[in-house]
Amino acid sequence: MSEKSDPSLWQGFKAFLMRGNVIDLAVAVVIGAAFTNIVNSVVKGVINPVIGAFGTQSLDSYSSCLKGPCTGTGDTGTGVRILWGSVLGATLSFLITAAVVYFLMVLPMAKYLARQEARRRAKESAEEIIEVTELEVLKEIRDALVAQRGSGPDRS
């Protein structure tokens with residue numbers, strides 16, 4: 001490799017890492033991983049027992065037999081099973097994770113950003129009012145000076 005391509009390659013990589021999107025994505029992945037453990041605990045410790053009151057304790061055991069006699073479990077099982085309980089458990093985990101992220105992170109951040117934008121707009125409109133007022137005062141001073149010159153004695 002030539003020496004000229006190394007600095008530009010490094011600079012490009014550094015610019016990529018310093019983008020806001022990459023940092024936001026990294027934070028999202030870390031927080032998502034942390035929430036996964038919490039959500040899995042809620043599903044296994046709360047939702048599965050509630051569902052277990054009506055049937056079995058684990059959602060993973062809910063299945064339907066598609067073909068043949070379905071006997072046994074795991075590798076020793078026969079027949080073709082559709083494990084819809086696993087899909088239901090994963091769906092519940094996803095919905096709980098999405099709700100927690102939305103209500104505890106996205107919604108408060110959106111409200112905060114909206115307040116910041118409203119403050120910025122109010123500040124800009126106040127600056128515009130001040131600028132307009134200063135301009136009007138300067139025009140009045142100019143008009144007064146022009147009027148004084150016009151009504152005073154002619155010094156030519």
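In which helix does Trp-10 lie? Trp-10 lies in helix α1; helices are DSSP runs (H or I, at least four residues), numbered from the N terminus. The model is predicted: local features need pLDDT of at least 70, side-chain atom pairs count only at pLDDT 80 or more, and totals for chains, interfaces and linings use all residues. Residues are numbered from 1 along each chain as its sequence is written, and side-chain values use heavy atoms, without hydrogens and water.

Rings of Phe, Tyr and Trp (its six-membered ring) pair if their centres lie within 6.5 Å; planes under 30 degrees apart count as stacked, over 60 as edge-to-face and the rest as tilted. The count by this rule is two aromatic pairs. The ring centres of Trp-10 and Phe-13 are 6.1 Å apart and their planes stand at 40°, so this pair is tilted. Both residues belong to helix α1 (residues 5–18); they are three residues apart, which means a separation of about one helical turn. Trp-10 is exposed, at 55% relative accessibility, and Phe-13 is partly exposed, at 43%. Here buried means under 20% relative accessible area, exposed over 50%, and partly exposed in between (1.4 Å probe, protein chains only).

Tyr-102 and Phe-103 make an edge-to-face pair, with 5.1 Å from centre to centre and 80° between the planes. Tyr-102 is partly exposed, with a relative accessible area of 39%. Phe-103 is exposed, at 52%.

Technical notes:
Helix = DSSP H or I, 4+ residues; strand = E, 2+ residues; numbered from the N terminus.
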